[in-house]
Amino acid sequence: MDERKIIENLIEFIEGKTSFDIFWREYKNNTYLQKMLEIKLGEKYQRFGNRTINENIEKSNSNTLYGRAVIYEDIYCYLLYRGIQFNRNDIYSKELEYRNSLQPSYVSIEDEDFLNQIIESAPNDLSKTNQKKWIKDKIKSLFLFDKKPPRWIQDPEWPIVDGKPLVFIKQTKETLNDERVFYTFYNPESGEETIVVQFY
């Protein structure tokens with residue numbers, strides 16, 4: 001396969017004309033494409049750090065929506081770098097934005113299967129607006145806290161055990177100058193506590 005055909009396929013992926021699975025199969029089976037992506041884009045594209053595009057793709061989890069969104073952005077940056085014309089399709093970032101909008105600020109569900117189950121359980125006879133409200137209310141009803149929700153100093157890390165979110169109790173610091181914050185959760189069925197630690 002020549003470079004022109006590969007570029008055409010990348011454009012079709014970025015424009016949403018081919019699925020992620022089709023792109024991913026070609027990427028995995030095409031060593032020439034992988035070599036094309038073995039470039040560093042420099043300071044203008046800080047998202048890559050010192051990694052090549054190919055290295056960034058390889059470290060992304062293609063099985064998650066977030067990972068697919070990152071890979072999409074990698075290919076988008078590559079085409080921009082090459083000065084190639086295309087019409088961007090924001091399907092992955094829009095889906096991520098939608099899913100984030102369903103969750104309160106103190107929750108970030110990384111388990112896509114868990115979130116999909118909630119989304120798919122919304123009644124079909126509701127309007128899109130009411131479906132979204134139903135999903136948001138459902139998520140809030142699952143992520144319970146005793147008094148106040150956690151005030152995360154990093155991204156939310158609410159533990160889910162056996163398909164059920166634990167209940168948040170409190171957050172503490174051992175000393176005033178401690179850089180660690182301890183978030184305590186418990187399992188209402190077993191009473192077992194789980195502590196999540198974050199650092200400033």
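Reader: How do I read the lining of the largest pocket by class, and what does it have here?

Author: Rolling a probe the size of a water molecule over the atoms shows where empty space is left. A pocket is an open set of points on a 1 Å grid over the protein atoms alone, where a 1.4 Å probe fits, with protein on both sides within 12 Å along at least five of seven lines; lining residues have an atom within 4 Å of a point. Here the lining has seven nonpolar residues (Ala, Val, Leu, Ile, Met, Phe, Trp, Tyr, Cys, Pro), four charged ones (Asp, Glu, Lys, Arg) and six polar ones (the others, Gly among them). This is a predicted model: local features need pLDDT of at least 70, side-chain atom pairs 80 or more, while totals for chains, interfaces and linings use all residues. Residues are numbered from 1 along each chain, and side-chain values use heavy atoms, without hydrogens or water.

Reader: How many aromatic pairs are there?

Author: Rings of Phe, Tyr and Trp (its six-membered ring) pair if their centres lie within 6.5 Å; planes under 30 degrees apart are stacked, over 60 edge-to-face, the rest tilted. That gives 22 pairs here. Phe13 and Tyr72 have ring centres 5.6 Å apart and planes at 70°, so they're edge-to-face. Both Phe13 and Tyr72 are buried, meaning under 20% relative accessible area with a 1.4 Å probe, protein chains only. Phe20 and Trp24 are stacked, with 20° between planes, and both are buried too.

Reader: Which ring does Arg88 lie over?

Author: A charge sits over a ring if NZ of Lys or CZ of Arg is within 6 Å of the ring centre and within 35 degrees of the ring normal. Arg88 lies over Tyr76, 4.1 Å from the ring centre; Arg47 sits over Phe48, at 5.1 Å.

Methods. Buried means under 20% relative accessible area, exposed over 50%, partly exposed in between (1.4 Å probe, protein chains only).
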